[in-house]
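Q: I have a model open and would like to learn how to read its features one at a time. Where do we begin?

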Amino acid sequence: MDYAASLSALADPASPRIVPLLDPDFRPLAVARRAFLAEARVPLVIGLERSDGTTSRYETHVIEEGKPASVANLAYVERLVKFMLWQKGGFRVRIGGPRGLADAVAAQYKPGARQAFDHQFMGETISERPFEVLACDPDQVPEARETSMPIGRHLEGCRLGFDLGASDRKASAVVDGEAVYTEEVVWSPRDATDPQYHFDEIMAGLKSAAAHMPRVDAIGGSSAGVIVNNRPMVASLFRGVPKAAFDAKIKPLFQEIGKAWGVPIEVANDGDVTALGGAMSLGDNSVLGAAMGS
């Protein structure tokens, strides 16, 4: 299957009702998907498996092979896989449907192929597991097993908070929901090659804030990058640190800070924390957060 031809076929009927003057060739994916599914009758299921054992599942349809419009199948399924990987993450993708189609998608996610970056990033970098795309029957895709972690809205007691930005780091002391101290300090994390620099700088901010409370009950933090179980798997703040030192010292950095203070610690992506802050201020859930950093 030719991916370029498949993508062109998918976008061909997707001309928007109102054509943008500055981008007349724009083809909205939502319109393409609507036109594609109008002809799709063959069941197809996509499953994602993550390193913690959780799974995601998405059911859709593709066009019967042999029909002229089926040339769009590859682009449709590959774009779904791409979106799901970046929405949910995963190191193993199962495609339950036509074997030739699943194999064609798998070929796009091999080393050296079109989606080689996703192969490495979602596999070894994020999941610390080899990445793979497997073909199977639709009923062989495992049922979804999602988990959610309650986080935030805990305001009682004496709590430390920190936010790690590319140009400054922030720390705050909060007592029973009221901020009693905040500070913002300029730093240069992107150029620092020694993990000890990052540890010392974060600890300095926490100690400065802790001096304004009688005790410390818990620590919460936000940082750019992909944070999994309080471990930064990818983060531009630490890009100056060599890979070996990153794996040995940066990945357990926040956990070591929690141990040093002897209290629970929770660190999340800054966009997630932004959404949490919005949810708390609005008294609502399902809030989208966007963090604009340096």
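A: We begin with one side chain. A polar atom of the side chain of Ser70 lies 2.7 Å from the backbone oxygen of Lys67. That is a polar contact, a pair of N or O atoms within 3.5 Å; within protein, one must be able to donate a hydrogen and the other to accept it, and residues adjacent in sequence count only if both atoms are side-chain atoms. This is a predicted model, in which local features need pLDDT of at least 70 and side-chain atom pairs count only at pLDDT 80 or more, while totals for chains, interfaces and linings use all residues. Residues are numbered from 1 along each chain as its sequence is written, and side-chain values use heavy atoms, with hydrogens and water left out.

Q: Where does Ser70 sit in the chain, and is Ser70 buried or exposed?
A: Elements come from DSSP runs numbered from the N terminus: helices are H or I with at least four residues, strands are E with at least two. Ser70 belongs to the loop between strand S2 (55-62) and H3. For burial, the cut-offs are under 20% relative accessible area for buried and over 50% for exposed, with partly exposed in between (1.4 Å probe, protein chains only). Ser70 counts as buried because its relative accessibility is 15%. Contact means heavy atoms within 4.5 Å; neighbours within four places in sequence aside, Ser70 is in contact with Ile63, Glu64 and Glu65.

Q: Which class does Arg190 fall into?
A: Arg190 has 35% relative accessibility, so Arg190 counts as partly exposed. Its place is the loop between S7 and helix H6 (195-210). Not counting residues up to four places away in sequence, Arg190 touches Ala166, Ser236, Leu237, Arg239 and Gly240. Leu288 is 98 residues from Arg190 along the chain, and their C-alpha atoms are separated by 27 Å.

Q: What does the whole chain look like in numbers?
A: The chain has nine helices and eleven strands. Its C-alpha trace spans about 70 × 45 × 40 Å along the principal axes. Of the 294 residues, 40% are buried. Among contacts with a separation of 6 or more, 65% are between residues 24 or more positions apart.

Q: How should I read a nonpolar core?
A: In soluble globular proteins, nonpolar side chains tend to be buried together. Here a nonpolar core is a set of buried Ala, Val, Leu, Ile, Met, Phe, Trp, Tyr and Cys residues joined through side-chain atoms within 4.5 Å. The largest one has 34 residues, and those with the most contacts inside it include Phe36, Val77, Val81 and Ile95. Elements that each supply at least two residues include helix H1 (3-11), helix H3 (73-88) and strand S3 (92-96). H3 gives the most, with eight residues. A second, separate core of 29 residues includes Ile227, Leu237, Phe254 and Ile257.

Q: How is a sheet described?
A: Two strands pair if DSSP finds at least two bridges between them. S3 and S4 pair in the parallel sense over five bridges, and Val93 has Val133 as its bridge partner in S4.

Q: In what order do the strands of the five-strand sheet come?
A: The order in this open sheet is S7-S6-S5-S8-S11, again with mixed pairing. Its edge strands are strand S7 (178-186) and strand S11 (265-269). S11 runs parallel to strand S8 (residues 218-223), joined by five bridges; Ile219 has Ile265 as its bridge partner in S11.

Q: Which strands does helix H8 lie across?
A: Angles run from 0 to 180 degrees between N-to-C directions, and axes are lines fitted to C-alpha atoms, for helices over the stretch in contact. Helix H8 (residues 253-261) lies across strand S5 (158-164), S8 and S11, at about 155° to S11.

Q: Which residues of H8 are buried?
A: An α-helix has 3.6 residues a turn, so residues three or four places apart point the same way. In H8, the buried residues include Leu253, Phe254, Ile257 and Gly258. These four are on the same side of H8, because they cover an arc of only 140° around the axis; the arc is that of the directions from the helix axis to the C-beta atoms. Just after H8, Gly262 takes a positive phi of about 70°.
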